Amino acid sequence: MYFTGIIIAISTFLIIGFFHPIVIKAEYYTGTHLWWVFLLVGLVSIVAALFIENEIVSALIGVFGASALWGIGELFSQKKRVEKGWFPMNPRRKHEYGKIDKNETLCPIHHGRSIYAIEEEERED
């Protein structure tokens with residue numbers, strides 16, 4: 001039996017899960033200022049994966065790097081989630097957040113309209 005696929009699948013799941021709290025904590029404590037750290041870690045990891053002979057380790061370092069790069073976008077999305085009140089705001093950085101735009105959404109299902117705008121339209125009807 002070959003366990004390479006299962007090892008990579010489970011490890012990928014854990015790596016992605018590992019980045020969720022990192023993005024949340026990074027945005028809470030530093031805002032989006034350290035996005036370049038995610039970029040640097042991601043690029044270094046992906047380049048390192050090119051030089052690692054072991055397939056499993058190379059794949060996992062590549063997944064780690066790709067997750068770090070994906071974390072850049074999630075860091076900026078997390079800021080919007082905080083502005084919308086979905087996550088707690090760091091009171092020491094309150095001045096860095098803008099006002100909530102009721103027409104902005106993070107979800108493509110609503111076709112550019114936020115749930116706030118949809119609820120407001122339903123109340124008017």
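The protein chain exposes about 8800 Å², of which carbon and sulfur atoms supply 67%. The coordinates displayed are those of a predicted model.

**The whole chain**

Colouring by accessibility will pick out the buried residues, which make up 28% of the 125 residues. Among contacts in the chain with a separation of 6 or more, 57% are between residues 24 or more positions apart.

**Helix α1**

Select residues 4-30, which form α1. This helix has 27 residues and reaches 37 Å from its first C-alpha to its last, close to the 39 Å expected at 1.5 Å a residue. Next, display the side chains of S11, T12, I15, F19, V23, A26 and E27, which are buried in α1. The buried residues of this helix pack against α2, residues 35-50, and against α3. Then move to G31, which follows α1 and has a positive phi, near 75 degrees.

**F38 in helix α2**

Select F38, a residue of helix α2. Is F38 buried or exposed? Its relative accessible area is 9%, below the 20% cut-off, so F38 is buried. Leaving aside neighbours within four places in sequence, show the residues in contact with F38: F19, I22, V23, A26, A68, L69, G71, I72 and L75. Two of these, F19 and V23, also belong to the buried residues of α1. For a distance check, pick the C-alpha atoms of F38 and G73; they are separated by 9.9 Å, although the two residues are 35 residues apart along the chain.

Proceed to helix α3, which spans residues 55-83 and includes S67. S67 is buried, with a relative accessible area of 11%. Not counting residues up to four places away in sequence, S67 touches I15, I16 and F19.

Further along, select Q78, which is also found in helix α3. Q78 counts as buried because its relative accessible area is 2%. Which residues are in contact with Q78, leaving aside its neighbours within four places in sequence? They are V23, I24, E27 and F87. Of these, V23 and E27 are listed among the buried residues of α1.

**The largest pocket**

Rolling a probe the size of a water molecule over the atoms shows where empty space is left. The volume of the largest pocket is about 200 Å³. To outline it, select I16, F19, H20, V23, I24, S67, W70, G71, E74, Q78, R81 and F87, the residues that line it. The elements that give two or more residues to this lining are α1 and α3, and the largest share, 6 residues, comes from α3. Colouring the lining by class gives 6 nonpolar, 4 polar and 2 charged residues.

How values were computed:
Residues numbered from 1 in each chain as written. Predicted model: local features only at pLDDT ≥ 70, side-chain atom pairs only at ≥ 80, totals over all residues. Heavy atoms only, no water. Helix = DSSP H or I, 4+ residues; strand = E, 2+ residues; numbered from the N terminus. Buried < 20%, exposed > 50% of the residue type's maximum accessible area, 1.4 Å probe, protein only. Contact = heavy atoms within 4.5 Å. 1 Å grid on protein atoms, 1.4 Å probe; cavity = no way out; pocket = protein on both sides within 12 Å on 5 of 7 lines; lining within 4 Å. Points joined across faces, edges and corners; volume = space filled by probe spheres on them. Nonpolar A, V, L, I, M, F, W, Y, C, P; charged D, E, K, R; others polar. Expected span 1.5 Å × (residues − 1). Areas by Shrake-Rupley, 256 points an atom, 1.4 Å probe, with all protein chains shown as cover.
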